[in-house]
Amino acid sequence: MRTPGVDRRTLLAAALVAPITARFDSAHATGSDLRAAPVPRRSPSLAQAAKARGLYFGAAVRMDQITDEPSLRSAVLRDCAALTPEIHLKWNSLEWRRGEFNFSPVDQLLDFAEAHALHVRGHTLIWERSTPDWARADIMKRRDWTLVSNHFERVLGRYAGRVAEWDVVNEPIDTQTGAQGLRRTVFQQAFGATYIERALEEARSNAPHARLLINDYGFDYDNPVDGDRRSALLALVRRVRRAGAPLDGVGLQAHLDLDKGPLAASALAGFLQALADEGLSLTVTELDVKEADVRAPLAVRDQRVADEARRYLDIALAQPAMRGVVTWGLTDRHSWLSQGDGDGRLNAGPARNPTNRGLPYDAALAPKPMYWAMTEALTSASPLTASARARAAVSA
Ligand code: G3I
């Protein structure tokens, strides 16, 4: 396992933040919803820092958590201009059993967002992993596109006017076990590789004014798998654009991983430019950092996470077609990396005892070095207006 190097500056910075992070981490052991540590007055929120550069900042959230936890609600309202429902809009959340619909968490989230002038990202219409079993079985059995079109019509018909941007197809790339770079999903098997173009057309006809995206992960590091994934996504978006399908942007999940070696700085920048050259807008949609060494002192761990997020954002935000940054959660308390949906690397501890520290706030809602690193990265991004960013994405 790689242990990222720690220089003197990092250790010094880590020593400075140690008392705060240690205090809040142990406080979390009580399980109470403690008041968030105050963020210094002079510091802009993440939303403000992003907005000053023509960008937006947001986070993935769950409505039940916002309702139950006042400190999370405050942090969301302070730092976010956009929210992504972490789970509620997925097909298996909306329709776990065929014909039985659960729209209420999405409705509540939209009401909350609109009451506070926040945007909501639509995540996601098609994702193999969130397709309910009954739909997967039926798609394979009947190969009938109406199953997909009914789902799109129902969801977009209800929300299209309130959600300006959709991850239409999530995680279509698989260069290791896929077919010509595409994941072998039930959609790909039943309808062929062009299910992606078809899904985009379907989304456009139900949401004429929305921005339509393909969203995927694994483009970030300097290794052959990520290199192949960058090439495969580029080939896919070129194919889709040549076919005239309505693709407006790409979502870069950016689930960073300290075990994967250095970021592929120049290859990543070149990849983002190649996507922008296709006329696409770009969004970092699911940023977080998976730790590699959880036995190091807390402050050292936090600094490693912060440095990785900063390195990534410095590359991503240098691209004029970039529109915004969304983290996959705000606090380590609710990170998927802490709760057993990851690969199990960090889930040796007791249930609900968060161990991965890869989000801007710790489990007690105290801002961590990643928060400040993100603020700095946003503040140092080149100050393009939102309209200049939009023009950059369509100037190809
Ligand atoms: O709420 C139920 C609970 O009642 C039940 O006891 C428990 C038992 O498994 O499951 C709970 O639901 C889980 C849910 O998260 C809430 O914690 C689901 O099993 C679990 O599959 C679900 O995982 C989500 C996953 O997507 C699948 O939808 C993660 O929270 C969410 O962070 C993750 O997000 C994905 C993005 O959509 C796409 N990119 C990768 C990212 C991380 O996997």
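This note sets out points on a predicted model, grouped by region and type of feature.

1. Aromatic pairs. The predicted structure contains eight aromatic pairs. In one of them, Tyr361 and Tyr371, the ring centres are 5.3 Å apart and the planes meet at 65°, so the arrangement is edge-to-face. This pair connects distant parts of the chain, since Tyr361 belongs to the loop between strand S9 (322-327) and helix H14 (369-380), while Tyr371 sits in helix H14, 10 residues apart. Tyr371 also pairs with Trp372: here the ring centres are 4.9 Å apart and the planes lie at 75°, so this pair too is edge-to-face.

2. Other ring contacts. Phe101, Phe103 and Tyr159 make up one aromatic cluster. Elsewhere, Arg229 is placed over the face of Tyr217, at 4.2 Å from the ring centre.

3. Helix H14. This helix has 12 residues. From its first C-alpha to its last it reaches 16 Å, close to the 16 Å expected at 1.5 Å a residue. Its buried residues are Pro369, Met370, Tyr371, Ala373, Met374, Thr375, Ala377 and Leu378. Tyr371, already described for its two ring pairs, is thus listed among the buried residues of the helix.

4. Helix H6. The end C-alpha atoms of H6 are 16 Å apart, and this agrees with the 16 Å that its 12 residues should span at 1.5 Å a residue. Pro105, Val106, Asp107, Leu109, Leu110, Phe112 and Ala113 are buried in this helix. Just after H6, Ala117 adopts a positive phi of about 55°.

5. Backbone geometry to inspect. Most residues other than glycine have a negative phi, and most peptide bonds are trans. The peptide bond between His123 and Thr124 is cis, with omega about 0°; Thr124 belongs to strand S3 (residues 119-126). Glu171 is not a glycine, yet its phi is positive, at about 55°. Ala254 likewise has a positive phi, near 60°, in a residue other than glycine.

6. Glu171 is located in the loop between strand S4 (165-170) and helix H9 (186-191). With a relative accessible area of 12%, Glu171 is buried. Ala254 is part of the loop between strand S6 (249-252) and strand S7 (255-257), and its relative accessible area of 1% makes it buried.

7. Asp79 is in helix H4 (residues 70-79) and counts as buried, at 0% relative accessibility. The C-alpha of Asp79 is 9.2 Å from that of Leu330, although the two residues are 251 residues apart along the chain. Glu95 lies in the loop between helix H5 (91-94) and helix H6 (104-115). Glu95 is also buried, with a relative accessible area of 5%.

8. Asp293. This residue is found in the loop between strand S8 (281-290) and helix H13 (298-316). At 16% relative accessibility, Asp293 counts as buried, because the limit is under 20%. A polar atom of the Asp293 side chain lies 3.0 Å from the backbone nitrogen of Arg295.

9. Cavities. The count comes to three cavities of 30 Å³ or more. The largest cavity has a volume of about 60 Å³. Its lining is formed by Ala60, Val61, Arg62, Gln65, Leu72, Glu86, Gly329, Leu330, Thr331 and His334. Leu330, one of these lining residues, is also the residue whose C-alpha is 9.2 Å from that of Asp79.

Methods: Residues numbered from 1 in each chain as written. Predicted model: local features only at pLDDT ≥ 70, side-chain atom pairs only at ≥ 80, totals over all residues. Heavy atoms only, no water. Helix = DSSP H or I, 4+ residues; strand = E, 2+ residues; numbered from the N terminus. Buried < 20%, exposed > 50% of the residue type's maximum accessible area, 1.4 Å probe, protein only. Polar contact = N/O pair within 3.5 Å; in protein donor to acceptor, adjacent residues only side chain to side chain. Phe/Tyr/Trp six-rings, centres within 6.5 Å; stacked < 30°, edge-to-face > 60°. Lys NZ or Arg CZ within 6 Å of the ring centre and 35° of its normal. Expected span 1.5 Å × (residues − 1). 1 Å grid on protein atoms, 1.4 Å probe; cavity = no way out; pocket = protein on both sides within 12 Å on 5 of 7 lines; lining within 4 Å. Points joined across faces, edges and corners; volume = space filled by probe spheres on them.
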